[in-house]
Amino acid sequence: MNKAVVIGAGLGGIASALRLRAKGYDVVIIDQRERLGGRAQQFNKEGFIFDAGPTVITAPFLLEELFTLFDKQMSDYIDLVPVEPWYRFVYSDGTHFDYGGTIEDTLERIKQIEPDDQAGYLGLLAQSEAIFDVGFTQLADKPFHKMSTMLAQVPALIRLKCYRTVWQMVSAYLKSDKLRQAFSIQPLLVGGNPFATTSIYSLIHYLERKWGVHFAMGGTGALVDGLEKLMKEQGIEIMLNTQVTDLTILDNQVTEVHTNAGKLACDKVISNIDPKYLYRNLIPSKQQKLSAKIKTKHSSLSMGLFVLHFGTTKQYPDIVHHTIWLGKRYEDLLSDIFDKKILADDFSLYLHRPTATDPSMAPQGCDSFYVLAPVPNNLSGIDWSVQEKDYGDRIIAALEKTIMPGLSSHIVHRFAKTPKDFEHDFSSVEGSGFSIAPSFQQSAWFRFHNRAEGPDNLFLCGAGTHPGAGVPGVLSSAKVVDRLINPVNA
């Protein structure tokens, strides 16, 4: 039969489905949502198009590979365009720092903030490249289910001082607090606190420098639509609005996947759902290895996300595609979110204006916006049914006072997604935005293994597995699964 069932149709699940189809498997992919993409959902409100999940595309070759498997060109399915600047950092004193372009562009902008940090930036970039060469080029698509693999990397990790946090690493090269904030923010893109996340994740900085930052015209939903078209062309069966309820496990093999639409026999199963949810709800304890039990019980989770969507009946041409709006507090605010798990009165924001690049994502003369605020996950006990409106009001007031004058009088189609929605819609344990946090003790071998710590024919991809969250991370996790599963008739 050689049938593979993929549970969860996020980008990691979609990539795994395509890779297994290229190996000759008969593939079916299942998701509980009404459309593919996992957290990369999209909403259309009377011509205002809102992406719900990832909005930054880096390392586009990882997407291109999926089309190359079938001798196709990605450009025939998806229109990826570069974004410039990559990010604009707006500080509480009203100044800003545009990041992107050439190294010379970046050095000139750094000079305007702190001339002495020009040399420091070059040192930071060199260190990020050295970590990238190990952490991404050599290891991102390699299996880490054997302790020996991890031990072999220890000398390189020590040599690169990966025991330091991202903040410690950045601070060793830069003096300006403004620049330290700008160049340490990357862990938040994958669910980590820069003051606790291993500097392995500083490779994101060089990854952006190497390939740039891109956007799919039509939004992330258009990217998912392009992948869906490819899957259908290759004969992959897609089952949406379908909930997986149980697994039949015999002789340490998953033999059937139970859903609310019936049972599916299988030879291989790939899980693209939150690993904590998988081990808590679908795999009996007696079928799990001790390592899975320990990780499921003790792994710390990433923060939650409050995502505010709205359209405006006017345009804001001074707002670039990606804006990082930083509040007055940085370390203390992150401590409130990650450690104290309290909803602070202040915040820092990621503001996404896709209409800066693709005007078709809103009616003529209008803009669509997505504002993301890191917040505590649901271990905080925050009642979002009470807090949602007030928190959104405060975000709008802050933006109106600073970079978007008159905002409140031009808003239409406002709605929000909270950690409660993440838990309900995506089976995300405690509403975490990125599954388990990317700390050193939760990376590589210490993360949930791509070869399940349970049934022999079960494999894991996605944010909670190696190498981690973010679009490059989940696409790379599918490459790891690809390495672990032999082609049909091999």
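The model I am working from is predicted.

**Entry 1: cavities**

I searched the whole structure and found 4 cavities of 30 Å³ or more. I then looked at the second largest cavity, which has a volume of about 100 Å³. I listed its lining as Arg33, Arg39, Gln41, Phe43, Ala52, Val307, His309, Lys417, Asp421, Phe422, Asp425 and Phe426. Two elements, β14 (304-312) and α14 (419-426), each give two or more residues to this lining. Of the elements, α14 gives the most, with 4 residues. I sorted the lining of the second largest cavity by class and noted 5 nonpolar, 2 polar and 5 charged residues.

**Entry 2: largest pocket**

I turned to the pockets next. For the largest pocket I noted a volume of about 410 Å³. It is lined by 17 residues, and I recorded Trp325, Lys328, Ala398, Lys401 and Thr402 as the closest to its centre. Which helix gives the most to the lining of the largest pocket? I found helix α13, residues 384-402, with 5 residues. By class, I have 8 nonpolar, 4 polar and 5 charged residues in the lining of the largest pocket.

**Entry 3: second largest pocket**

I put the space in the second largest pocket at about 300 Å³. How many residues line the second largest pocket, and which lie nearest its centre? I noted 20 lining residues, with Ala196, Ser300, Leu301, Phe338 and Ala437 nearest the centre. Sorted by class, the lining of the second largest pocket has 10 nonpolar, 8 polar and 2 charged residues.

**Entry 4: nonpolar surface patch**

I found a nonpolar patch formed by Met147, Leu151, Val154, Ile158, Tyr163 and Phe446. Together these residues have about 550 Å² of accessible area. I picked out Leu151 and placed it in helix α5, residues 147-159.

Terms used
Residues are numbered from 1 along each chain as its sequence is written. This is a predicted model: local features need pLDDT of at least 70, side-chain atom pairs count only at pLDDT 80 or more; totals for chains, interfaces and linings use all residues. Side-chain values use heavy atoms; hydrogens and water are left out. On a 1 Å grid over the protein atoms alone, a cavity is a set of points where a 1.4 Å probe fits but cannot get out, and a pocket is an open set with protein on both sides within 12 Å along at least five of seven lines; lining residues have an atom within 4 Å of a point. Grid points are joined across faces, edges and corners, and a volume is the space filled by probe spheres set on the points. Ala, Val, Leu, Ile, Met, Phe, Trp, Tyr, Cys and Pro count as nonpolar, Asp, Glu, Lys and Arg as charged, and the others, Gly among them, as polar. Patches are made of residues with over 30% relative accessible area and no salt bridge: like charges are joined within 9 Å, nonpolar side chains (Val, Leu, Ile, Met, Phe, Trp, Tyr) within 5 Å. Accessible areas come from the Shrake-Rupley method with a 1.4 Å probe; for residues, only the protein chains shown count as cover. A salt bridge is a side-chain nitrogen of Lys or Arg within 4 Å of a carboxyl oxygen of Asp or Glu.
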